[in-house]
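Open the model in a viewer and keep the selection tool at hand. The stops below move from one chain contact to the next, then into single chains.

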Amino acid sequence: MTEEIIIAGFGGQGVLSMGKILAYSGVMQNQEVSWMPSYGPEMRGGTANVTVILSDEKISSPIVNTYDTAIILNQPSLDKFEEAVKPGGVLLYDPNGITKPPTRTDIKVFKVEAAEEAAAMGNMKIFNMIVLGAYLKIKPVVKMENVMKGLEKSIPARHHHLLPLNEKAINKGLEVVKEVK
Amino acid sequence: MADIDIKDIIREENLVYKKTDVLTDNVMHYCPGCSHGVVHKLVAEVIEEMGIQEQTIGVSPVGCSVFAYNYIDIDWSEAAHGRAPAVATAIKRLMPEKFVFTYQGDGDLASIGAAEILHACNRGENIVVIFINNAIYGMTGGQMAPTTLVGMPTATSPYGRQIDLHGYPMKMTEIVATLPGTCFVTRQSVEKAAAVRKTKKAIRKAFENQKAGKGTSFIEVVSTCSSGWKVNPVKANEWMTEHMFPFYPLGDKKDCEKDPAEDYEKYMKG
Amino acid sequence: MGELRLMKGNEVIAEAAIRAGADGYFGYPITPQSEIMETLMVRKPWEETGMVVLQAESEVASINMVYGGAGCGKKVMTSSSSPGVSLMMEGISYIAGAELPCLIVNIVRGGPGLGTIQPSQADYFQSVKGGGHGDYRLIVLAPNSVQEMNDHVGLGFDLAFKYRNPALILSDGVIGQMMEKVELSDYKPRLTEEEIIEKYGDWAHIGKPANRSQNVVTSLELQSEIMEKRNQHLIEKYASMQEDVMYEEIMTEDAEYLFVAFGSSSRICQKAIELARAEGIKVGLFRPITLFPFATNQLKELGQKMKGILTVEMNAGQMVEDVKLAVECKVPVEWFGRFGGIIPSPQEIVDALKHKIIGG
């Protein structure tokens, strides 16, 4: 199994930390992983993206041209990465703020109302965990127990009291993700 | 007449003065009348008197005193031009139980190494800085230094230093005295016996400060360079007294022993 | 098995330094490597191992702090990125001239000048050929994974002390900023004062006991006859480093064509090999791990069996010169690269192989 994922959105949406939690979950499942961010001033208020690769084998390049899955959280990222999804691959997006939805028919498209759900749960910070839950529903590449271990490893000990809330958010994502047909 | 041996003249019971063993027997390369030899001797004597020869590491500069390690018999690091305070910073931090001093000239300390000395003083590195200010570049052949006086001719200011062309002479001692990291900042000279004694006292105090962990001690020695100034050693001393001392007034600029807390609080209030 | 973690290349440099028993780190912030000092400052190793960490006023100062620390026989290091490493060149030349061991990490960004903060390999010449003044060489290591970033810290210190010569880790923003799984090294204690006296007491300035002559760390020698001998000694030392040459060959057994790439480019080449082989092109990879010493003989032997060689570098063609020298122009050698902070894609590399070598 090799899963090449791009996660892209605005800086501040938790793109990089979601990628890190996913990668750490892979580590907990004894997979090979890489997490390659875009970095620099563009991150500050601009777009942020991270390539995460999970694999049973040693990972060659941490930078790839095409992706098995694109997780898209804003319009500029959709514009940039829709074409980069491999035929038969997955595009998951949050429709909040999307004015031109994806048009490709040779890939599977899913949506998750993560911003809306996070607002309903009263904490925008768990937005990215709802998205992560949605992704794991579509592609259960790591077991949920390992996701929880990865989460624990990724967030500082002083925030560990928030682990149950994050788990709730992931479960919410599992529930609310929908395939767009 | 029987041959007279030197031992017939210099006898133990007549001995009133002896070269410290911390100075090597190497013949110094300094020009006649140069202040370096005297200051080297004072540093060596203080090291001997404090019994710290085995614990002292010197950092020599680029300039006439680049070979200071040939004369003072301790372990040395020969630093790149101006960088002695950075080198000394690491040595002291990695071996805090040792005594560490830099020995720098005016080109080294005030020009190319201005950033390093200011920041070492600002961090309050627990080191001693000996700063020889003779207002000229000696080793490279008498070029203008940051401390060259206005109107003073040098190889690169042949018509005399002009403010509009070269800027003002820098008073490093006054500058570092404003930094709260320094604990003892003084300006001395070695042109006569009384001055030599005062300078030695200052050097001793600086090393004692280091022993007590008080921060940076900075000793400027206003010095002569008869070769660079193109006068004989006697004239050089006269010229220094007449021209250098009024612009670079001697004496302590700061002594935190008197009231360290007040100094820091004043600085932080702005 | 050591402790497993998911870490950034930059962070692991800091962690590995603490675990390698480093005595001091002196640095100045610059993108894309500031996480190294930031990680150290969060870790506070001075409380744990006694390691000194200091933010200097400039790269000029930090490399001279390394000079001072290395002269004490201590395990000291600095890190920076290209413009900062240019500022360090004076100090690096002095450290090499005074024959001191130390570790320098360069997380390369694109240049010249202020350039870009994105990854690049444009400092190959500076690292391998000199950069500072005078005849000197650095031991240059080129990790291509976060694991190797960890491993090369200990290795770099070992080689630096073996040869009393500065070692440099030449990495870039790809490896520095990416996270991978890493098995951390076990803790190695810092040397005690007694151990330093025993091991390095014949050259380090650690205080002169009455029973030995003074130790002076200097690169200065005004007598040409003596200086020439010193140069001769250095040249022989650099030649002797060949025994520590390191390289990796990937899928070369049946290869007709060869990529030569180091660091992050070599990772992308591995993906390019997958793509090319899917099209039936038999291509392999030769990866120099030490850039100095360079695996000239090994590359000559392998390279001369090939129909053609493509070096892949994130620069305008630097290592390609050493590859051409190695194969003595008996095989076509071409270069492909992107620069300015652009990372070549695996497909671009395959296309370049087709156009420049196979069809060329």
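Start where chain A meets chain C: select strand S2 (residues 32-37) of chain A and S8(C), which run antiparallel and are joined by two bridges. Helices (H or I, at least four residues) and strands (E, at least two) are DSSP runs, numbered from the N terminus, and two strands pair if DSSP finds at least two bridges between them. Within this pairing, pick Trp35(A); its bridge partner in S8(C) is Met179(C).

Before going on, note that this is a predicted model, in which local features need pLDDT of at least 70, side-chain atom pairs count only at pLDDT 80 or more, and totals for chains, interfaces and linings use all residues. Residues are numbered from 1 along each chain as its sequence is written, while chains are lettered from A and ligands numbered from 1 in the order in which they are written. The predictor gives the complex an ipTM of 0.95 and a pTM of 0.94. Chain C averages a pLDDT (the predictor's confidence in each residue, from 0 to 100) of 97, and 100% of its residues score at least 70.

**Chain C against chain A**

Two residues are in contact if their C-beta atoms, placed from the backbone, lie within 7 Å.

**Chain B against chain C**

Which chains have the most contacts among the two pairs that touch? They are chains B and C. Select the 28 residues of chain B in contact with 32 residues of chain C. Strand S2 (75-78), helix H3 (84-94) and helix H5 (114-123) of chain B each supply at least two residues of the side that touches chain C. H3(B) gives the most to that side, with eight residues. By class, the side of chain B that touches chain C has 15 nonpolar, five polar and eight charged residues.

Now show S2(B) with strand S9 (residues 216-217) of chain C: the two run parallel and are joined by two bridges. Trp76(B) has Val216(C) as its bridge partner in S9(C). Chain A and chain B share no contact, and their closest C-alpha atoms lie 29 Å apart.

**Helices of chain A**

Hide the other chains and select helix H4 (residues 127-138) of chain A and H6(A), whose axes come within 6 Å and cross at roughly 50 degrees. Axes are lines fitted to C-alpha atoms, for helices over the stretch in contact, and angles run from 0 to 180 degrees between N-to-C directions. That angle makes H4(A) oblique to H6(A); angles under 35 degrees count as roughly parallel, over 145 as roughly antiparallel, 65 to 115 as roughly perpendicular and the rest as oblique. Residues that meet here include Ile130(A) and Ala134(A) in H4(A), and Ala169(A) and Ile170(A) in H6(A). The contact of H4(A) with H6(A) holds nine nonpolar, four polar and two charged residues.

Finish on chain C with the open sheet of five strands in the order S10-S12-S11-S14-S15, with mixed pairing. Strand S10 (247-250) and strand S15 (333-337) of chain C each have a single partner strand and stand at the edges, so one side of each lacks a neighbour in the sheet. Strand S14 (residues 308-313) of chain C pairs with S15(C) in the parallel sense over five bridges. Select Leu310(C) to find its bridge partner in S15(C), Glu334(C). H14(C) packs on the sheet, touching strand S11 (257-260), strand S12 (283-288), S14 and S15 of chain C.

Terms used: Nonpolar A, V, L, I, M, F, W, Y, C, P; charged D, E, K, R; others polar.
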